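Hi,

Here is the structure I said I'd pass on.

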Amino acid sequence: MNQKRTNPIIVIVLTLFSLACLIPFWLVFMISVADENWVTAHGYSFWPGKFSLVAYQYLIEDAEKILRAYGVSALVTVIGVVVSLFVTSAMAYALSRKEFPLRGALSFYILITMLFSGGLLPWYLVYTRFLHVQDTLVALIIPGLIGGFNVIIMRTFFTNSIPPSLIDSSQIDGAGEFRTYFSIILPLSLPVMATIGLFTTVSYWNDWFTSLVFIQNEKLFSLQYLLTKTLMNASFLQTIANKAYSSTAQVTTPLESIRMAMAMIAIGPLVLVFPFLQKYFVRGLTVGAVKG
Amino acid sequence: MASEKAFITQPGISQPNTKWRHLWKYRALIVLAMPGILLMLINNYLPMFGIFLAFKDLNYTDGIWDSKWIGLDNFKFLFASNDAWLIIKNTLLYNISFLLINTILAVMLALLLNEVKNKFASKFFQSTVILPNFISMVIVGYIVYGFLNPELGFANKFILEPFGIDPKNWYAEAQHWPYILTIVNTWKNVGYAAVVYLAAIVGIDSEYYEAAVIDGASRWKQMTKITIPLIAPIIIIMTLLAIGRIFNADFGLFYQATMASGMIKETTEVIDTYVYSALMVTGDTGLASSAGLLQSVVGFTLVVTVNLIVRKFSRENALF
């Protein structure tokens with residue numbers, strides 16, 4: 001309180017820390033705009049001697065694959081987030097009602113899912129041999145729809161910030177449970193919905209694991225999975241480059257820059273919306289840190 | 001007839017009948033919870049019942065139910081191969097060092113962030129340190145590749161070469177990876193943890209500090225005597241959660257950052273990557289299911305035990 005100015009040493013340390021968080025992105029960006037010949041001669045650098053946008057040109061030539069992957073990711077994310085918010089909040093609402101007779105049993109049911117898991121193989125078999133949803137978008141959506149932790153966070157929010165008398169009075173006025181839920185609970189829960197919605201959005205958008213396990217069909221590759229393939233598999237990168245090659249006059253295919261340009265295209269939207277979402281994200285961390 | 005019916009239902013069945021009628025009153029809530037219940041059944045409970053697969057010789061021609069029971073053979077095979085010890089050792093050592101380094105750095109970072117007086121600067125620093133947590137592990141894999149690509153990577157070309165050190169073939173030399181993976185994990189996760197701790201610090205009642213200032217406490221004293229003790233509970237909870245997951249490695253980190261390179265398995269194979277490759281690459285369901293079950297059982301035991309210990313000391317901080 002006695003000094004309004006921040007200690008300069010602290011500022012220096014934090015600046016270094018922030019730079020360490022940002023610089024790696026800068027490296028990826030610089031590789032993506034570097035001239036391929038320069039890179040082959042000198043290596044990846046934070047400031048390549050020669051710039052070139054050919055990599056992006058290649059990607060535009062063969063935009064179909066990337067656009068499709070964008071579409072898959074966007075579709076899965078939108079459906080996933082909307083359904084997930086509904087399912088999670090509906091369950092949390094039931095849990096938050098003190099007089100609900102199944103409350104204890106339901107809490108236990110949720111707790112068990114947070115403590116014990118069957119492991120990858122049985123999980124894989126349920127989706128592939130029992131539900132037979134491999135190679136469909138359903139397999140990408142269902143696994144992320146509900147998480148015990150999110151239900152608990154929402155339940156805590158409902159119990160703490162919605163007075164029981166409000167529910168009572170609406171029911172005296174003749175509103176049923178559905179009506180109470182849709183027209184009283186949901187409108188009052190925007191903060192927690194925004195927070196959980198944001199977490200779910202990021203996890204659907206960043207998900208590549210479910211694709212790795214369930215998806216073979218190239219048409220259903222999500223953006224992150226397409227990126228995984230291009231990183232791990234040199235021939236996969238080559239096919240993307242080759243397809244565009246016929247229509248471009250370049251002699252050397254800028255494979256390395258194309259790879260990094262793809263990464264940039266995937267990071268792009270996230271970094272653009274990040275400043276707007278950051279507020280909710282930080283608040284969400286706080287909510288998440290409070291025990292239910 | 002009607003009176004007879006009433007006679008039968010009244011005394012005998014009235015007990016469960018009221019119970020059902022009681023539940024019937026809440027049918028709307030049950031309907032609301034039902035989608036969640038069903039999804040958890042599919043995603044969590046059905047796989048749990050699948051743990052018996054660890055005791056079967058699963059083959060798809062006979063089907064899951066009709067495959068042969070083989071007792072503990074899958075486990076015997078797993079432990080006989082030496083893989084078991086390697087993956088357990090790697091998983092534990094990585095998680096323990098991640099936990100220690102992350103907690104210490106995150107608390108320090110949170111304390112530093114809390115000292116920033118300028119609102120704009122504070123927001124800027126928070127945003128940048130948390131940014132890595134926002135991006136997918138796939139992108140992290142690209143970044144690591146940018147630094148470590150054996151021919152063109154920044155590390156070889158601009159760090160090792162100028163010092164006259166021979167370039168290293170990173171994706172083929174196992175000994176570097178404990179350091180690389182620790183750095184990558186810290187980079188990705190420390191900002192998130194720091195912001196959680198910062199939120200806890202901000203929530204501390206300012207009266208404590210005002211009183212301390214009157215008593216002449218320095219900033220350092222305030223930090224060690226007020227801030228750290230008051231955020232200790234949240235540190236304990238975060239640590240507890242991490243200990244419960246000590247047998248679960250971050251699959252994304254170990255798969256993407258290493259580019260799933262087979263040559264460095266000695267230091268990068270963890271239970272999760274092992275189960276994945278047993279199942280999806282080699283198709284060895286016996287190894288996949290036994291290692292998976294081992295992981296789940298140890299994980300469960302750890303959470304429950306650690307929680308019991310914490311409950312002994314302070315009920316408040318226990319998870320359940």
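About 9000 Å² is buried between chain A and chain B, with carbon and sulfur atoms giving 80% of that (buried area being the accessible area, 1.4 Å probe, that two parts lose on being put together, summed over both). Bear in mind that this is a predicted model: local features need pLDDT of at least 70, side-chain atom pairs count only at pLDDT 80 or more, and totals for chains, interfaces and linings use all residues. Residues are numbered from 1 along each chain as its sequence is written, chains are lettered from A and ligands numbered from 1 in the order in which they are written, and side-chain values use heavy atoms, leaving out hydrogens and water.

On the polar side, 16 residue pairs are in polar contact across the interface of chain A and chain B, both residues at pLDDT 80 or more (a pair of N or O atoms within 3.5 Å; within protein, one must be able to donate a hydrogen and the other to accept it, and residues adjacent in sequence count only if both atoms are side-chain atoms). Salt bridges between the two chains: zero (side-chain nitrogen of Lys or Arg within 4 Å of a carboxyl oxygen of Asp or Glu).

The contact takes in 97 residues of chain A and 95 residues of chain B (heavy atoms within 4.5 Å).

Now the rings: there are 40 aromatic pairs over all chains (Phe, Tyr and Trp rings, the six-membered one for Trp, with centres within 6.5 Å; planes under 30 degrees apart are stacked, over 60 edge-to-face, the rest tilted). One of them, A:Tyr124 with A:Phe214, is stacked, at 6.1 Å centre to centre and 5° between the planes.

Cheers
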